[in-house]
Amino acid sequence: MFMRIDHIGIACRNLEEKIAFFSETFELTVVAREVNEEQGVKEAMLHIADGEGGGSYIQLLEPLSDDSPVGKFLAKRGEGVHHVAFGVPDVEDAMAKINEKGVRLLDERPRHGSMGSQIAFLHPKDVGGMLTELVQAAEH
């Protein structure tokens, strides 16, 4: 079902500082930036590598407000890994198969994700405490 780790989402207080750190320290390149009002974040995708299933990235997330999901995460846990995202060939199919196995979905249907992808989240309590995202990459 999973083709790759699509990205690791990292919550941060200052997007520009974290971009500079990851760019300078790990020589990663920013390939996309966007503001996602629906999710309440400014984000940057930094490219790690490409493989047969597609690319892998670090996603840096700065909240637009303290009451957004990432803002609440930062207040409770501080900066760090927010979620792990797995690439899937068909997000709706993956959602159905995973839900049939008893894992609750946070999304009833896919929604807009980074770089034109379709995404859905799984309930962290059903995945060992890890917020898990399914990502169907945009067709290019």
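Q: How many cavities of 30 Å³ or more does the structure hold?
A: The model under discussion is predicted. A volume of about 50 Å³ lies in the largest cavity. At the cut-off of 30 Å³ or more, the number of cavities in the structure is 1.

Q: How does the lining of the largest cavity divide into nonpolar, polar and charged residues?
A: Among the residues that line the largest cavity are His 7, His 83, His 112, Ile 119, Phe 121 and Glu 133. Asn 36, Gln 39, Glu 43 and Gln 59 are also included in this lining. The division is 2 nonpolar, 8 polar and 2 charged.

Q: Which element gives the most to the lining of the largest pocket?
A: The largest pocket has a volume of about 540 Å³. Of its 22 lining residues, Pro 69, Phe 73, Arg 77, His 82 and Leu 131 are the closest to the centre. Two or more lining residues come from each of helix 2 (69–77) and strand 5 (80–87). With 6 residues, the element that gives the most is helix 2.

Q: Which element gives the most to the lining of the second largest pocket?
A: The second largest pocket holds about 210 Å³ of space, and Asp 6, Tyr 57, Met 115, Ala 137 and Ala 138 lie nearest its centre among 16 lining residues. At least two lining residues are supplied by each of strand 1 (4–11), strand 4 (54–63) and strand 8 (132–136). The element that gives the most, with 3 residues, is strand 1.

Q: How many residues apart are Lys 97 and Asp 93?
A: The side chains of Lys 97 and Asp 93 form a salt bridge at 3.1 Å, N to O. Lys 97 is partly exposed at 39% relative accessible area, and Asp 93 is partly exposed at 36%. Both residues lie in helix 3 (residues 91–100), about one turn of the helix, with a separation of 4 residues.

Q: How many residues apart in sequence are the parts that Asp 126 and Arg 104 tie together?
A: Asp 126 and Arg 104 form a salt bridge, with the closest N and O atoms 2.9 Å apart. Asp 126 lies in the loop between strand 7 (118–122) and strand 8, whereas Arg 104 lies in the loop between helix 3 and strand 6 (111–112), so the pair ties together parts whose separation in sequence is 22 residues.

Q: Which residues do salt bridges with shared partners join into the network that includes Asp 107?
A: Asp 107 meets Arg 111 in a salt bridge at 2.8 Å, N to O. Asp 107 counts as buried because its relative accessibility is 10%, under the cut-off of 20%. The salt bridges that share partners join into one network Glu 38, Asp 107 and Arg 111.

Definitions and conventions
Residues numbered from 1 in each chain as written. Predicted model: local features only at pLDDT ≥ 70, side-chain atom pairs only at ≥ 80, totals over all residues. Heavy atoms only, no water. 1 Å grid on protein atoms, 1.4 Å probe; cavity = no way out; pocket = protein on both sides within 12 Å on 5 of 7 lines; lining within 4 Å. Points joined across faces, edges and corners; volume = space filled by probe spheres on them. Nonpolar A, V, L, I, M, F, W, Y, C, P; charged D, E, K, R; others polar. Salt bridge = Lys/Arg side-chain N within 4 Å of Asp/Glu carboxyl O. Buried < 20%, exposed > 50% of the residue type's maximum accessible area, 1.4 Å probe, protein only.
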